[in-house]
Each structure stands twice: as C-alpha cells, then as structure tokens.
Amino acid sequence: MRVDAGLSKLLGLSRTVVAALAEAGDVLVDGHPAGKSDRLLAGSWLEVTLPEPERPIEVKAIEVEGMVILHQDDDVVVVDKPVGVAAHPSPGWSGPTVIGGLAAAGVRVSTSGAAERQGVVHRLDVGTTGVMVVAKSEHAYTVLKRAFKERTVEKRYHALVQGHPDPSVGTIDAPIDRHPRHDYRWAVVAGGKPSITHYETIEAFRAASLMDVKLETGRTHQIRVHFSALKHPCVGDLTYGSDPVLAKRLGLTRQWLHARSLGFHHPADGRWVEFTSDYPPDLAAALAVLEADY
C-alpha cells in the first residue's frame, strides 16, 4: 500500500496527518525518509515519529439557538438538534455544540467518555437535524453505548433523495470506509465496515423522493454515502454529488436529511421510549416547493 493509506489504517490517523508526517521527514522506511506516495513493502523496517498528543478540547458553555430539549430525566436528555450544530467539540470546529448548549442550559451530563464528548453515545452530522440523546448518568452512558453497539436502538431518518430509487422499498448492504482520495468524504469500498440501510418511499415527486430510512448500522455519513452510491444522493448534498441547480431551486444550503425519530429501552427500567422531531423550516419549505410543482 501507499505510505499515506497504509499508515492511516495502521495507526488510525487521517491521511492528511500521515502526509504531514511524511513531509516533515518523520516517516522512515529502512532508515530513509519516505514520501506519502511511496510504497510500503513486506519486510521493510518502518519508523514513525508521532506528533505530541493534543491538549484536551475545552467544552464551552454557549447557548445554542434553536436547540430544544424534548425530554429530560435523571438518566437521559433528548434534544432536537438544529442545523449547524456539532454533537461535541472537535479539532477545527469552533461553532456551537450540543454538549456546550446543554452546559449553558445547566444540564449536567455523564462524565464517561473523552472530556470533550462526555455523555455522547451517538452523533448527528453538523448539517443533519433531528433527535439526539445524551446520557446524564454513568449507568445510562454504559447502557446506551451498549444498545447502540448491539443495534437495539431504532433510528429513523427522513431523507429527500434525487430521482426515484428502484425498487421503491429496499435494503442497501454495502461496506463503508474513508474515501480513497478525499479525507473529508466516505465511500462504499471493498473491505470497509459492514453498513446496512433499509429504506421505503414515503412520497415520490417529479424530481425527488421522500424516503423513510431505518439504520441497522451507524457509520459516518452512512445514509448520504449509500444513496449517493445508488446515484440518488440526498438533495442539497453537494459533497456527495447532488445537483446544485435543484438545491438552489429548493432553497437548500445543506443535505435534506432529518433524524425523524429515536427509540430505545430506557436505562432506568427498560421500558421502550420513542421521541420524534418535526421538520425544521428549511426542509419543510423545500418540500412545499416540490409539492407545488407536483
């Protein structure tokens, strides 16, 4: 494999970080500096000088406009996440976060997990809206992390995709991993992590279809990647090949993707609970335009 691809898999670093290490002369193969596109051959002696660990990222308690708490008890807090909000702080992200918004609202969450994402048991993309649960107690964190891992949580999304998927009801079973050329994207690739998406058409418009999507797995960008691979990307998702003309006509500046409902066994007593979220204004307005055209 290439140095950047091989070390990325070996060390769990992004290819961008590996490329920077190679450019700095911190990757040696048989004692000689290796470029990012050089090949790693069996039997070679590999030496890598890793960068210093980054300091913990600070969680800033900042009120998040538009974030609504749908439910709260001693164990969990369920929020309706608006667009443009990350689940938790991360390198390179200076915008609002769910964890920061909860801190500003005086909600104390579990201390389990890395400092910047304590209480976080699953995530939504910055550009994806809808229901998200955060653990408040340590017990809830453990139970919910296990539930997401064992796929006993029911996650339903609504997605507006270009065209009309055929069949109108189906399952996409295709492995996902980082895109071989673009660090910021993911793709269906051989040898990727197993990824399964179930879908059903709710309504077909002239240019697009509104889909009910149930995730069996929870890979990064899974719905966006899977529908893009079918040549039916989420409307407004320019990263994954959507039509910018259609997005502009519908007034969209992000992908039409919404975490519609989330169901799970409550950590306190095991009873099944489910929470839903209405479409935010931008997604509702885009649908209204399609319905008028229809």
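## Basis of the values

Because the model is predicted, local features need pLDDT of at least 70 and side-chain atom pairs count only at pLDDT 80 or more, whereas totals for chains, interfaces and linings use all residues. Residues are numbered from 1 along each chain as its sequence is written, and side-chain values use heavy atoms, with hydrogens and water left out.

An open sheet is formed by three strands in the order 2-1-3 with antiparallel pairing; strands (E, at least two residues) and helices (H or I, at least four) are DSSP runs numbered from the N terminus, and two strands pair if DSSP finds at least two bridges between them. Strand 2 (32-33) and strand 3 (46-48) stand at the edges with a single partner strand each, so one side of each lacks a neighbour in the sheet. Strand 1 (residues 27-29) pairs with strand 2 over two bridges, and leucine 28 stands opposite proline 33.

## The hairpin of strands 13 and 14

Strand 13 (residues 257-265) runs antiparallel to strand 14, and five bridges join them. Phenylalanine 264 stands opposite valine 273 of strand 14. Six residues lie between the strands of this hairpin, in which glycine 270 takes a positive phi near 80 degrees.

In a regular strand the side chains alternate between the two faces of the sheet.

## Threonine 128

Threonine 128, in the loop between helix 3 (98-104) and strand 6 (129-135), is buried, with a relative accessible area of 2%. Leaving aside neighbours within four places in sequence, threonine 128 is in contact (heavy atoms within 4.5 Å) with residues including Lys81, Tyr157, Arg254 and Gln255.

## The nonpolar cores

A nonpolar core is a set of buried Ala, Val, Leu, Ile, Met, Phe, Trp, Tyr and Cys residues joined through side-chain atoms within 4.5 Å. Of the 28 residues in the largest nonpolar core, Val98, Leu102, Met132, Tyr157, Val213, Ile223 and Phe227 touch the most other members. Among the elements that give two or more residues to this core are helix 3, strand 6 and strand 13. A second, separate core of 16 residues includes Val121, Phe148, Leu262 and Phe275.

Conventions:
Buried < 20%, exposed > 50% of the residue type's maximum accessible area, 1.4 Å probe, protein only.
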